[in-house]
Amino acid sequence: MSNVTKATVATTILASAVLLSGCGLFTGEEKNKIDPPDVSLVDSPSKLEGDPAETTAEENKESEEASVKTELYLIDSSGYVVPQTLELPSTQGGGVAAQSLKYLVEDGPISNVLPSGFRAVLPAGTEVSVDIKDGTAVVDFSKEFKNYKKEDELKILQAVTWTLTQFDSVQTVKLKLNGTELKQMPVNGTPVQEGLSRASGINLDTSGVNDISQSKALTVYYIGGEEGNYYYVPITKRVNETDVDNVTAVVQELAKGPSHFSGLQSIVMSDVELLDEPQLADGMVTLNFNESILNSFKEKKVSQQVLDALVLSLTEQKGIERVELKVDGNADLLKEDGKPLSEPVSRPAKVNTGSF
């Protein structure tokens, strides 16, 4: 959402609030469902005897124990690489990383749980193994991996990297093809020999930057999808290397909004500003905003969507785990549901969990 007048933004936010009200990344309130089908992969046992309600409770417990929430980075209808959290069968022996990549294969097990409007990123028939050691995941693909379109090459690298680095044991990723280490991708030649990490970015946006070498990367979260199927989309933007600190730059990019032609939105008002320099200590960043960060001046409320966008974007920065908000130096704020915003907010364990 590009910068516009405050009146226009207020009208847009009001309309968005009607569409998005009562929702967010965090649990605790009824939310509008995203569009994916039932993502349970575990068949329920037959009800042979006992109280139906008791049996159903037991089945639900068994289903939860037999599945694990996993972020899969898929391609949406606009071509963005987007996390979708799905329930996958739990695995024994630490094979969840390899399993997550198997669910990125077209016409593979993802077919049963693929959210509407999304597609898998790896070519059909691709087999994959993953070996994790000292923070590096070495991924070995079968020969079918080469059967992708060149315009998907960066999306494949991003999807594989961001899917694997959701796990604490993985910081970097290296690739092999039939046991041979890849120095460059097989179709369009993208270099990969140095290893891949989230520092390489996702859904790269270089608009407005004249000299890439004099810029730095920041990943911020905007809103994609459509009514009834909204989700957060990570975008890595380039900003001037000599600009303000990274935290202030993130806030400015959220207020600036995505490219006009991106099809994405930012819920942060264009006149939101920080009144003081961000304070970072022990993994927590404290931000003092002007009143434009509020969606209710009188009640001092911060909307859930603004809170989500800030927390997701800021915790992509190294060393930031929690976010504390103030307005005009006052920390006595309320969340959208009227509950006190008394504690710093941490990043949720998973993104786009099936509700918005």
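**Close-up 1. Pro344, a partly exposed residue in a predicted model.** With a relative accessibility of 23%, Pro344 counts as partly exposed, because that class lies between the 20% limit for buried and the 50% limit for exposed. Welcome to the structure, which is a predicted model. To find Pro344, look in the loop that runs between strand S15 (334–335) and strand S16 (345–346). Leaving aside residues up to four places away in sequence, Pro344 touches Met284, Arg322, Val323 and Glu324. Take Val323 from that group: 21 residues separate Val323 from Pro344 in sequence, yet their C-alpha atoms are 5.2 Å apart in space.

**Close-up 2. Helix H4, mostly covered.** Here we turn to helix H4, which covers residues 153–164. How many of the twelve residues of H4 are buried? Ten of them are, and so the helix is mostly covered. Among these buried residues are Glu153, Ile156, Trp162 and Leu164; Gln158, Thr161 and Thr163 also belong to the buried set. The length of H4 can be checked too: at 1.5 Å a residue, its twelve residues should span 16 Å, and the end C-alpha atoms are 17 Å apart, which agrees.

Close-up 3. Is Ser262 buried or exposed? Ser262 is buried, because its relative accessible area is 14%, and buried means under 20%.

Key:
Residues numbered from 1 in each chain as written. Predicted model: local features only at pLDDT ≥ 70, side-chain atom pairs only at ≥ 80, totals over all residues. Heavy atoms only, no water. Helix = DSSP H or I, 4+ residues; strand = E, 2+ residues; numbered from the N terminus. Buried < 20%, exposed > 50% of the residue type's maximum accessible area, 1.4 Å probe, protein only. Contact = heavy atoms within 4.5 Å. Expected span 1.5 Å × (residues − 1).
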